[in-house]
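Shall we go through it feature by feature?

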Amino acid sequence: MRKVTSGRKIKITGIVQGVGFRPFVYSMAQKYHLKGWVLNSSQGVEIEVSGLMEDIENFVSQVKSQPPPLARIDFLETEEIQPNHYKKFSILNSKPQAGEFVPISPDVSICKDCTRELFDPEDRRYRYPFINCTNCGPRFTIIRDIPYDRPFTTMSEFTMCNTCQNEYNDPLDRRFHAQPIACPECGPHLSFIGEKGKEFHKSDALREARAWLRSGKIVAIKGLGGYHLACDAANHAAVQELRKRKQRSQKPFASMAFDISTIDKHCFVDESEETLLLSRQRPIVLLHTRPTSTLSPLIAPNQNHLGMMLPYTPMHLLLMEPEEGYPEVLVMTSGNLSEEPIAYEDKEALERLSGIADGFLIHNRSIHMRTDDTVARIIYNTPYILRRSRGYAPDPLPLSFEPPSLLAVGTELKNTFTLSRNRYAFISHHIGDMENYETLRSFETGIQHYENIFKIKPEVIARDLHPDYLASKYAIKRAAEENIPIVNVQHHHAHLAACLCDNGWKMDEKKAIGIIFDGTGLGTDKTIWGGEILYGNYAGFERKHHLQTMPLPGGDAAIRNPARTSLAYLWQLGIDWGEDISSVKRLDLNERSLLEKQLQGRINTIETSSMGRLFDVVSSLLNICHETSYEGQAAIELENIAAPDEHDNYTIPIKDQILDIAPLMHSILKEAKSGVKVAAISARFHNSIVQAIVQACIQIRAETGCSEVALSGGVWQNVYLLNKTIKMLTENDFTVLRHRGVPPNDGGVSLGQLAVAAAMLITR
Ligand code: ZN
Ligand code: ZN
Ligand code: FE
């Protein structure tokens, strides 16, 4: 049979730029003797090839099935064309097009090849802290503008040496078009600033930083997405000093160790946890602490977990390199004062952190976008993201529907925002708690940056019902200025929608049950919701059941004060403030009488059905935590103490719409008085919630036939509750939808707001 020459045009969209896609296409074209070209267009990658029909078929199928490790193909279109007369296959220059966009790769942890070269004395980049290649290195944090080319990154300040330039130009080199390519001759360098501003450079800087850490000092370290504060994790005095200077009394610190076997000395690490620790995102993974761990208990007070991560840049590898007498594990907590965003600009960092750090390990590659470390854990052998940031952002979530261009501004705590374009939701990196000017500024510049690099002009803005949140205020102001519509989305409806989106729910798909357990969110009836059992989809919801409403004295301030909240709950339920109740003892007689007056007159109190607050109350009743210094502390400590093998529970009757907590509270007090172990009571309390969920779901299923249950809201960070709920619901033939790509907490709310707004616009 005669061989037929033919031609093909191929268009690919997805994460195909800055990930070695063109050299890969080049080598595949060589393999199949095809002529033509490949280029980066604004939509992705375009290819034209000519050759034998059979070779073209093989070429296309291999491009599809074996793309480079960092690439993700979302759509691939091919078109039959007349064969061309190119002499060879070539890589053409990028072809930017106004208004178009391509997804941008998140930062990628150092790859195996680069790690090998880093420690190879024969390599020209031996011990060079900024080694990277086409498959690894900084991306999102250094990108100023698109297309992703060196002049539009913070690497534009460095002129490549001839050797780097040759590697950059050679399609067969593993650094072909690696935009952050650098070497000791032409790239960025480390500096250390120590006592009285004395400076050290390059390897001296690293040596000095290590010496300071070894001697128990606190060093601020400039990394990939911002500054960390580091100290020896086994040095109790150093950790204590860091807590004092950072004004962070209890909130856990994350740590870094050189390798898995070091982490394994201090924490239990199973196979899926190891895979997640080693993944190219290298998140902080929450792991069960071994009782034999020698690290300071002040790293995570009253917790049975430690947040651990592995080095993700060459600099971190050099910093953590094992040596006799050198710390095996370093605390690596974000470089900020409590509640401020992570520092990332050098001048700013030196100013802001000078009261905390003894010395500074810095470098001269600028960070354009700050990103915190991502935090995740493993649930039923799969990742469960609690803070989505470095390594994940700005990877878009492909949607199962196509919204117009939208901006959803998120909520007050753990803020993220989300923008949509085509079938993508661009969920921002973690912005933080919107409580101060610094965070607001980083929220605003973040939105600007995303809109610019992804060329999105929102047609509609979605916000929380609460008009006083800083994010809501931004939305209201901007919608007015640009004269575009604004959609107000109820907080827990957004949680439900986020969870559905996270599970690929389509726009016209049926309703699901939403168990939305949370701290705070404004309800449609002006009370504060948070213990909600909803039934709905993107387009709308019904509030089927909710936790009994209770008075919260002092509003938001009560959140830091579980003891006061617990007294308010007892008062509302008509339970005496007996001296034998541990939370009662926390308030003196004067405070109690003031509180009573406040409750009687309903002065400065708000009504809440919050599940988060119920956990606070129980935590205080059991003498576990009476005052919190970070969000969720009382609940976390209550969870940590719960006996894993306890199966008993109390009852939570469902009366009409209400989950009645009176019998539960009576039982807890009775058992606490009669000396039942706190571990058992905590477990039984958790089990009671699980029971109530299953009971409510069975009722709703009987009524509606629905057996899909979505779990969302901050309370679902509680793994004891999550594991048992998933198990019980599954045993009762429910399909459980739990979060996968976005956090169950308020970090996921912006995605939900976006989906709800999209439903309003699409179905209108
Ligand atoms: Zn590499
Ligand atoms: Zn160079
Ligand atoms: Fe929430």
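This is a predicted model: local features need pLDDT of at least 70, side-chain atom pairs count only at pLDDT 80 or more; totals for chains, interfaces and linings use all residues.

Q: Let me start with the metals. Which residues are the protein donors of the zinc ion (ligand 1)?
A: For a metal site, look for the atoms that hold the ion. Here the zinc ion (ligand 1) has C111, C114, C133 and C136 as its protein donors, each through its SG atom, at 2.2 to 2.3 Å. Along the chain these donors follow the spacing C-x2-C-x18-C-x2-C.

Q: What arrangement do the four donor atoms around the zinc ion (ligand 1) make?
A: The general idea is to compare angles: the ideal value for four tetrahedral donors is 109.5 degrees. Around the zinc ion (ligand 1) the four donor atoms subtend angles of 104 to 116 degrees, so the arrangement is tetrahedral.

Q: Are C111 and C114 buried or exposed?
A: Both C111 and C114 are buried. For C114 the relative accessibility is 0%, which is why C114 counts as buried.

Q: Which residues coordinate the zinc ion (ligand 2)?
A: The zinc ion (ligand 2) is held by the SG atoms of C161, C164, C183 and C186, at 2.2 to 2.4 Å. The site is tetrahedral, with angles of 104 to 116 degrees among the four donor atoms. In sequence, the donor residues of this zinc ion (ligand 2) are spaced C-x2-C-x18-C-x2-C.

Q: With cysteines in mind, how many disulfides does the count come to?
A: The count comes to zero disulfides.

Q: Now the charged residues. How many salt bridges does the count come to?
A: The general idea is that side chains of opposite charge can pair when their charged atoms come close. In this model the count comes to 43 salt bridges. One of them joins the side chains of R8 and E80, at 3.8 Å from N to O. This pair links distant parts of the chain, with R8 in strand β1 (residues 5-15) and E80 in strand β4 (residues 72-81), 72 residues apart.

Q: What does R174 form a salt bridge with?
A: The partner of R174 is E117, and their closest N and O atoms are 3.1 Å apart. R174 lies in the loop between α4 and β6 and E117 in helix α3 (residues 112-118), so the pair ties together parts 57 residues apart in sequence. R174 counts as partly exposed because its relative accessibility is 24%, while E117, at 10%, counts as buried.

Q: Where are R543 and E532, whose side chains meet in a salt bridge, placed in the chain?
A: The R543 and E532 side chains meet at 2.5 Å, N to O. R543 is in strand β25 (residues 541-547) and E532 in strand β24 (residues 528-536), 11 residues apart. Both R543 and E532 are buried. Salt bridges can also form a network, as they do among E241, K244, R245 and D358.

Q: How do I read a strand? Which residues point one way from strand β20, and which the other way?
A: The general idea is that in a regular strand the side chains alternate between the two faces of the sheet. In strand β20 (residues 424-427), Y424 and F426 point one way, A425 and I427 point the other way, and all are buried.

Q: Which strands does β20 pair with?
A: Strand β17 (residues 397-398) and β20 pair in the antiparallel sense over two bridges, and L397 has A425 as its bridge partner in β20. Strand β19 (residues 418-421) also runs antiparallel to β20, joined by four bridges, and the partner of L419 in β20 is F426. The hairpin of β19 and β20 has two residues between the strands, and N422 there takes a positive phi near 50 degrees.

Q: To finish, what does W505 touch?
A: Leaving out residues up to four places away in sequence, W505 touches S400, F401, L500, K510, A512, Y538, E708 and L737. W505 is placed in the loop between α13 (491-502) and β23 (512-522), and counts as buried because its relative accessibility is 6%.

Definitions and conventions
Residues are numbered from 1 along each chain as its sequence is written. Chains are lettered from A and ligands numbered from 1 in the order in which they are written. Side-chain values use heavy atoms; hydrogens and water are left out. Donors are N, O and S atoms within 2.8 Å of the metal (3.2 Å for Na, K and Ca); water is not among the atoms, so sites may look incomplete. Four donors count as tetrahedral if all angles lie between 85 and 135 degrees; four count as square planar and six as octahedral if opposite donors are over 155 degrees apart and all others between 65 and 115; anything else is irregular. Buried means under 20% relative accessible area, exposed over 50%, partly exposed in between (1.4 Å probe, protein chains only). Contact means heavy atoms within 4.5 Å. A salt bridge is a side-chain nitrogen of Lys or Arg within 4 Å of a carboxyl oxygen of Asp or Glu. A disulfide is a pair of cysteine sulfur atoms within 2.5 Å. Two strands pair if DSSP finds at least two bridges between them.
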